[in-house]
Amino acid sequence: MGRLIRLTQLLAAASLGGMVAVVTVDVFLRYAFNRPIAAGIELVELAIVGTIFMALPGASARRIHVSIDYLDDVLPAGAVAVLDRLANGAVAAGLVCLVWHLVIHGLRLAERGETSATLQFSAALPVFLMAAALLATAIVHLCLALLPRSP
């Protein structure tokens with residue numbers, strides 16, 4: 001699981017760096033030469049998808065996502081551990097359903113030949129990127145549900 005997390009974190013960081021570079025160059029060209037990057041918005045939108053969705057597996061693995069722990073102080077530690085495993089299993093199942101729907105949507109976009117407005121890349125590309133990232137996140141949650149928790 002460590003390699004998967006490192007890979008998705010690297011992709012999220014590269015996506016964020018690319019987004020910063022595109023916005024910086026776009027602003028400079030816009031104000032210095034009145035010539036913005038023609039596909040700047042599309043590139044930033046694609047980078048936002050990469051940054052957010054590729055950061056999810058790492059956030060889940062480090063357990064830094066939003067959680068509500070009202071019952072943790074009143075329930076025994078064993079019950080809290082069982083609830084934690086059940087919650088991670090439920091999240092993994094929900095994410096697999098989302099992946100399934102995204103793949104179907106991406107296939108439909110590809111079948112219709114939908115493309116982006118400026119760069120003309122397949123509109124299915126960001127959908128499949130989201131599906132891959134959510135599948136990686138589902139794998140993380142499945143591991144959290146099934147494997148013993150390390151201290």
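Start by selecting R30 and D26: their side chains form a salt bridge, with the closest N and O atoms 2.9 Å apart. (A salt bridge here is a side-chain nitrogen of Lys or Arg within 4 Å of a carboxyl oxygen of Asp or Glu.) Both R30 and D26 sit in helix α1, four residues apart, about one turn of the helix. Helices are DSSP runs of H or I with at least four residues, strands are E runs of at least two, and both are numbered from the N terminus. R30 counts as partly exposed because its relative accessibility is 35%, while D26 counts as buried at 12%. For those words, buried means under 20% relative accessible area, exposed means over 50%, and partly exposed is in between (1.4 Å probe, protein chains only).

Before you click on, a word about what you're looking at. This is a predicted model, in which local features need pLDDT of at least 70 and side-chain atom pairs count only at pLDDT 80 or more, while totals for chains, interfaces and linings use all residues. Residues are numbered from 1 along each chain as its sequence is written, and side-chain values use heavy atoms, with hydrogens and water left out.

Select D84 and R63 next: their side chains meet in a salt bridge at 3.0 Å, N to O. This pair links distant parts of the chain, with D84 in helix α3 (residues 77–112) and R63 in the loop between α2 and α3, 21 residues apart. D84 is partly exposed at 25% relative accessibility, and R63 is partly exposed at 24%.

Now go to R112 and E114, where the closest N and O atoms of the salt bridge are 3.3 Å apart. R112 is exposed, with a relative accessible area of 52%; E114 is partly exposed at 34%.

Next, show helix α1 (residues 2–33) together with helix α4 (residues 124–146). They pack at an angle of about 145°, with axes 11 Å apart. (Axes are lines fitted to C-alpha atoms, for helices over the stretch in contact, and angles run from 0 to 180 degrees between N-to-C directions.) Which residues make the contact? Pick L4, I5 and T8 on α1, and A136, I139 and V140 on α4; contact means heavy atoms within 4.5 Å. By class, that contact has five nonpolar, one polar and no charged residues.

While you're at this end, select M1, in the segment before α1. M1 touches V140 and C143, not counting residues up to four places away in sequence. At 45% relative accessibility, M1 counts as partly exposed.

Then hop to T51 in helix α2 (residues 40–61). Is T51 buried or exposed? T51 counts as buried, because its relative accessibility is 16%. With residues up to four places away in sequence left out, T51 touches A12, S15, L16 and M19.

Finally, zoom out. The protein has four helices and zero strands. Its C-alpha atoms fill a box of roughly 65 × 35 × 30 Å, taken along the principal axes. Of the 151 residues, 29% count as buried.

Notes: Nonpolar A, V, L, I, M, F, W, Y, C, P; charged D, E, K, R; others polar.
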